[in-house]
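I opened this notebook to record what I looked up about the pockets and the ligand. The entries follow the order in which I looked.

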Amino acid sequence: MDKLIRLDKFLSSQLNISRTDAKKLIAKKRISFSSSKPVRPETQIDTCSETVFFDGKEINFKKFLYIAQNKPAGVVSASNDDSLTVIDILPENLKRQGLFPAGRLDKDSTGFVLITDDGEFAHNILSPSKHIEKTYIITLLRNVTERETLEVTEGMVLGDEKLKPAKLKKLEDKTYEITLTQGRYHQIKRMFGSFDNPVQTLHRIKIGSLLLPPELSPGESRELTSEEIKLIK
Ligand code: URA
(Lines give C-alpha, C1' and ligand atoms only; values in the text may rest on other atoms or scores of the structure.)
Protein backbone atom coordinates (compact mmCIF):
# COMPACT_ATOMS: atom_id res chain seq x y z
CA MET A 1 0.00 0.00 0.00
CA ASP A 2 1.35 3.42 -0.88
CA LYS A 3 1.76 6.18 1.63
CA LEU A 4 -0.96 8.17 -0.16
CA ILE A 5 -4.18 6.26 -0.47
CA ARG A 6 -7.78 7.05 -1.43
CA LEU A 7 -10.05 7.20 1.58
CA ASP A 8 -12.50 4.53 0.33
CA LYS A 9 -9.59 2.14 -0.31
CA PHE A 10 -8.09 2.90 3.10
CA LEU A 11 -11.42 2.19 4.84
CA SER A 12 -11.98 -0.97 2.82
CA SER A 13 -8.56 -2.40 3.80
CA GLN A 14 -8.51 -1.26 7.42
CA LEU A 15 -12.13 -2.11 8.29
CA ASN A 16 -12.36 -5.15 5.99
CA ILE A 17 -15.41 -3.83 4.21
CA SER A 18 -16.24 -3.36 0.53
CA ARG A 19 -15.52 -0.04 -1.19
CA THR A 20 -19.30 0.37 -1.57
CA ASP A 21 -19.78 0.05 2.19
CA ALA A 22 -16.86 2.42 2.73
CA LYS A 23 -18.62 5.00 0.54
CA LYS A 24 -21.81 4.51 2.55
CA LEU A 25 -19.96 5.24 5.82
CA ILE A 26 -18.56 8.40 4.27
CA ALA A 27 -22.00 9.47 2.98
CA LYS A 28 -23.47 8.92 6.46
CA LYS A 29 -20.74 11.23 7.88
CA ARG A 30 -19.42 8.51 10.18
CA ILE A 31 -15.84 9.14 9.01
CA SER A 32 -13.82 12.21 9.99
CA PHE A 33 -10.22 13.43 9.76
CA SER A 34 -7.75 15.09 12.08
CA SER A 35 -7.24 17.71 9.36
CA SER A 36 -9.86 19.85 7.65
CA LYS A 37 -9.60 17.95 4.35
CA PRO A 38 -12.93 17.19 2.68
CA VAL A 39 -14.11 13.70 3.63
CA ARG A 40 -14.83 12.16 0.23
CA PRO A 41 -14.18 8.66 -1.17
CA GLU A 42 -11.56 10.00 -3.57
CA THR A 43 -9.70 12.14 -1.01
CA GLN A 44 -6.05 11.09 -0.89
CA ILE A 45 -4.87 10.64 2.65
CA ASP A 46 -1.33 10.41 3.93
CA THR A 47 -1.26 7.42 6.26
CA CYS A 48 1.77 8.84 8.08
CA SER A 49 0.31 12.21 9.00
CA GLU A 50 -3.48 11.89 8.80
CA THR A 51 -5.64 10.36 11.49
CA VAL A 52 -8.94 8.92 10.34
CA PHE A 53 -11.83 8.43 12.76
CA PHE A 54 -14.80 6.09 12.52
CA ASP A 55 -17.69 7.24 14.70
CA GLY A 56 -15.15 9.43 16.49
CA LYS A 57 -12.80 6.52 17.23
CA GLU A 58 -9.32 6.51 15.70
CA ILE A 59 -8.65 3.88 13.04
CA ASN A 60 -5.27 2.44 13.91
CA PHE A 61 -3.62 2.16 10.48
CA LYS A 62 -1.87 -1.12 9.81
CA LYS A 63 -0.07 -1.48 6.55
CA PHE A 64 0.33 -5.21 6.98
CA LEU A 65 -1.02 -7.83 9.33
CA TYR A 66 1.08 -10.63 10.85
CA ILE A 67 -0.99 -13.31 12.53
CA ALA A 68 -0.07 -16.51 14.37
CA GLN A 69 -2.59 -19.32 14.18
CA ASN A 70 -2.65 -22.64 15.96
CA LYS A 71 -3.98 -24.61 13.00
CA PRO A 72 -6.25 -27.47 13.93
CA ALA A 73 -6.28 -30.74 11.97
CA GLY A 74 -8.65 -30.75 9.00
CA VAL A 75 -8.00 -27.14 8.00
CA VAL A 76 -6.12 -26.36 4.79
CA SER A 77 -3.15 -23.92 4.66
CA ALA A 78 -4.45 -21.94 1.69
CA SER A 79 -6.44 -18.80 1.01
CA ASN A 80 -9.05 -20.52 -1.16
CA ASP A 81 -10.11 -24.13 -1.11
CA ASP A 82 -13.25 -26.29 -1.13
CA SER A 83 -12.34 -27.30 2.43
CA LEU A 84 -12.13 -24.95 5.40
CA THR A 85 -8.97 -22.82 5.22
CA VAL A 86 -6.75 -21.07 7.77
CA ILE A 87 -8.23 -17.79 6.47
CA ASP A 88 -11.85 -18.99 6.94
CA ILE A 89 -11.24 -19.64 10.64
CA LEU A 90 -9.72 -16.24 11.43
CA PRO A 91 -11.82 -14.12 13.78
CA GLU A 92 -13.73 -11.37 11.94
CA ASN A 93 -11.59 -8.59 13.45
CA LEU A 94 -8.44 -10.08 11.87
CA LYS A 95 -9.90 -10.84 8.44
CA ARG A 96 -8.97 -8.66 5.52
CA GLN A 97 -8.37 -8.93 1.78
CA GLY A 98 -5.02 -10.28 0.67
CA LEU A 99 -4.18 -12.48 3.67
CA PHE A 100 -2.47 -15.79 2.94
CA PRO A 101 -0.50 -18.40 4.89
CA ALA A 102 3.27 -17.88 4.64
CA GLY A 103 4.20 -21.53 4.27
CA ARG A 104 2.16 -24.67 4.42
CA LEU A 105 1.26 -27.26 6.99
CA ASP A 106 -0.48 -30.42 5.76
CA LYS A 107 -4.23 -30.67 6.31
CA ASP A 108 -3.79 -33.28 9.04
CA SER A 109 -0.85 -31.44 10.67
CA THR A 110 -1.39 -28.96 13.47
CA GLY A 111 0.31 -25.96 15.00
CA PHE A 112 1.98 -22.72 14.05
CA VAL A 113 0.89 -21.12 10.79
CA LEU A 114 1.90 -17.57 10.02
CA ILE A 115 -0.69 -15.56 8.11
CA THR A 116 0.12 -12.20 6.53
CA ASP A 117 -0.61 -9.88 3.63
CA ASP A 118 3.03 -8.77 3.40
CA GLY A 119 4.28 -10.56 0.28
CA GLU A 120 7.88 -9.44 0.66
CA PHE A 121 8.07 -10.65 4.26
CA ALA A 122 6.55 -14.01 3.28
CA HIS A 123 8.93 -14.35 0.36
CA ASN A 124 11.88 -13.67 2.64
CA ILE A 125 10.96 -16.16 5.32
CA LEU A 126 10.11 -18.85 2.76
CA SER A 127 13.23 -18.31 0.67
CA PRO A 128 15.45 -21.43 0.90
CA SER A 129 18.54 -19.18 0.99
CA LYS A 130 17.41 -17.65 4.29
CA HIS A 131 17.45 -21.04 6.10
CA ILE A 132 14.69 -20.05 8.52
CA GLU A 133 14.32 -22.92 11.00
CA LYS A 134 10.98 -24.60 11.59
CA THR A 135 10.53 -26.88 14.57
CA TYR A 136 7.96 -29.66 14.93
CA ILE A 137 6.92 -32.20 17.53
CA ILE A 138 6.25 -35.50 15.82
CA THR A 139 5.05 -38.85 17.01
CA LEU A 140 6.16 -41.91 15.09
CA LEU A 141 5.07 -45.51 14.86
CA ARG A 142 8.29 -46.62 16.53
CA ASN A 143 11.48 -45.14 17.93
CA VAL A 144 14.18 -43.97 15.52
CA THR A 145 17.29 -46.16 15.28
CA GLU A 146 20.81 -44.81 15.70
CA ARG A 147 21.52 -45.27 12.01
CA GLU A 148 18.35 -43.39 11.04
CA THR A 149 19.19 -40.58 13.49
CA LEU A 150 22.58 -40.21 11.84
CA GLU A 151 20.99 -40.05 8.39
CA VAL A 152 18.54 -37.36 9.49
CA THR A 153 21.13 -35.25 11.28
CA GLU A 154 23.79 -35.56 8.58
CA GLY A 155 21.40 -34.88 5.70
CA MET A 156 19.60 -37.84 4.22
CA VAL A 157 18.87 -38.62 0.60
CA LEU A 158 15.20 -38.36 -0.31
CA GLY A 159 14.30 -39.20 -3.89
CA ASP A 160 17.12 -37.70 -5.90
CA GLU A 161 17.91 -34.94 -3.42
CA LYS A 162 20.33 -34.79 -0.52
CA LEU A 163 18.50 -32.92 2.23
CA LYS A 164 20.08 -30.38 4.55
CA PRO A 165 21.01 -31.74 7.99
CA ALA A 166 18.12 -31.63 10.47
CA LYS A 167 18.16 -31.54 14.26
CA LEU A 168 16.45 -34.44 15.99
CA LYS A 169 15.83 -34.72 19.73
CA LYS A 170 13.99 -37.53 21.48
CA LEU A 171 11.42 -36.17 23.93
CA GLU A 172 9.75 -39.40 25.02
CA ASP A 173 8.88 -42.81 23.64
CA LYS A 174 8.18 -42.41 19.86
CA THR A 175 8.01 -38.62 20.29
CA TYR A 176 10.66 -36.31 18.80
CA GLU A 177 11.41 -32.67 18.22
CA ILE A 178 12.71 -32.09 14.72
CA THR A 179 14.08 -28.84 13.27
CA LEU A 180 14.40 -28.28 9.53
CA THR A 181 15.87 -25.41 7.54
CA GLN A 182 14.10 -26.34 4.33
CA GLY A 183 10.52 -27.20 3.50
CA ARG A 184 10.19 -29.79 0.79
CA TYR A 185 6.73 -31.19 0.01
CA HIS A 186 5.59 -33.45 2.89
CA GLN A 187 9.24 -33.49 3.92
CA ILE A 188 8.99 -34.97 7.42
CA LYS A 189 6.39 -37.56 6.44
CA ARG A 190 8.51 -38.61 3.48
CA MET A 191 11.71 -38.74 5.56
CA PHE A 192 10.31 -41.12 8.16
CA GLY A 193 8.10 -42.88 5.61
CA SER A 194 11.33 -43.87 3.85
CA PHE A 195 12.36 -45.66 7.09
CA ASP A 196 8.97 -47.45 7.17
CA ASN A 197 8.21 -45.45 10.31
CA PRO A 198 5.15 -43.37 9.40
CA VAL A 199 4.49 -40.07 11.14
CA GLN A 200 1.42 -40.37 13.36
CA THR A 201 1.07 -36.72 14.38
CA LEU A 202 2.94 -33.57 13.39
CA HIS A 203 2.67 -30.27 15.26
CA ARG A 204 4.70 -27.16 14.37
CA ILE A 205 5.83 -25.28 17.48
CA LYS A 206 8.32 -22.74 16.19
CA ILE A 207 9.18 -20.56 13.17
CA GLY A 208 12.62 -18.95 13.32
CA SER A 209 13.07 -18.17 17.02
CA LEU A 210 9.38 -17.52 17.63
CA LEU A 211 7.40 -20.12 19.54
CA LEU A 212 3.72 -20.64 18.79
CA PRO A 213 2.08 -18.36 21.37
CA PRO A 214 1.21 -20.85 24.15
CA GLU A 215 -2.14 -19.23 24.93
CA LEU A 216 -3.50 -20.12 21.47
CA SER A 217 -5.76 -23.16 21.62
CA PRO A 218 -6.29 -25.14 18.40
CA GLY A 219 -8.17 -22.93 15.95
CA GLU A 220 -7.24 -19.68 17.67
CA SER A 221 -5.27 -16.82 16.10
CA ARG A 222 -3.80 -13.56 17.25
CA GLU A 223 -1.80 -10.69 15.84
CA LEU A 224 1.93 -10.77 16.49
CA THR A 225 3.76 -7.88 18.09
CA SER A 226 6.66 -6.22 16.25
CA GLU A 227 9.09 -7.85 18.73
CA GLU A 228 7.64 -11.27 17.91
CA ILE A 229 7.86 -10.63 14.15
CA LYS A 230 11.57 -9.83 14.55
CA LEU A 231 12.13 -13.25 16.13
CA ILE A 232 10.97 -14.98 12.95
CA LYS A 233 13.58 -13.45 10.64
N1 URA B 1 6.53 -31.90 6.83
C2 URA B 1 5.43 -32.63 6.55
O3 URA B 1 5.54 -33.77 6.13
N4 URA B 1 4.23 -32.09 6.75
C5 URA B 1 4.04 -30.85 7.22
O6 URA B 1 2.89 -30.40 7.38
C7 URA B 1 5.19 -30.08 7.51
C8 URA B 1 6.43 -30.65 7.30
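I began with the largest pocket, which holds about 630 Å³ of space. A pocket here is an open set of points on a 1 Å grid over the protein atoms alone, where a 1.4 Å probe fits, with protein on both sides within 12 Å along at least five of seven lines, and lining residues have an atom within 4 Å of a point. The volume is the space filled by probe spheres set on the points, which are joined across faces, edges and corners. Of its 28 lining residues, Arg 104, Tyr 136, Gly 183, Arg 184 and Arg 204 are the closest to the centre.

I noted that this is a predicted model, in which local features need pLDDT of at least 70 and side-chain atom pairs pLDDT 80 or more, while totals for chains, interfaces and linings use all residues. Residues are numbered from 1 along each chain as its sequence is written, and side-chain values use heavy atoms, without hydrogens and water.

Next I asked where the ligand sits. I found the ligand in the largest pocket, where sitting means that more than half of its atoms lie within 2 Å of the pocket's grid points.

I then looked up polar contacts, pairs of N or O atoms within 3.5 Å. A polar side-chain atom of Asp 106 is 2.7 Å from a ligand nitrogen, whereas a ligand oxygen lies 3.1 Å from a side-chain N or O atom of Ser 109. I also recorded 3.0 Å between a ligand oxygen and a polar backbone atom of Lys 189.

Last, I turned to the second largest pocket, with a volume of about 410 Å³. Among its 18 lining residues, Gln 14, Leu 15, Ile 59, Asn 60 and Asn 93 are the closest to its centre.

Terms used
Polar contact = N/O pair within 3.5 Å; in protein donor to acceptor, adjacent residues only side chain to side chain.
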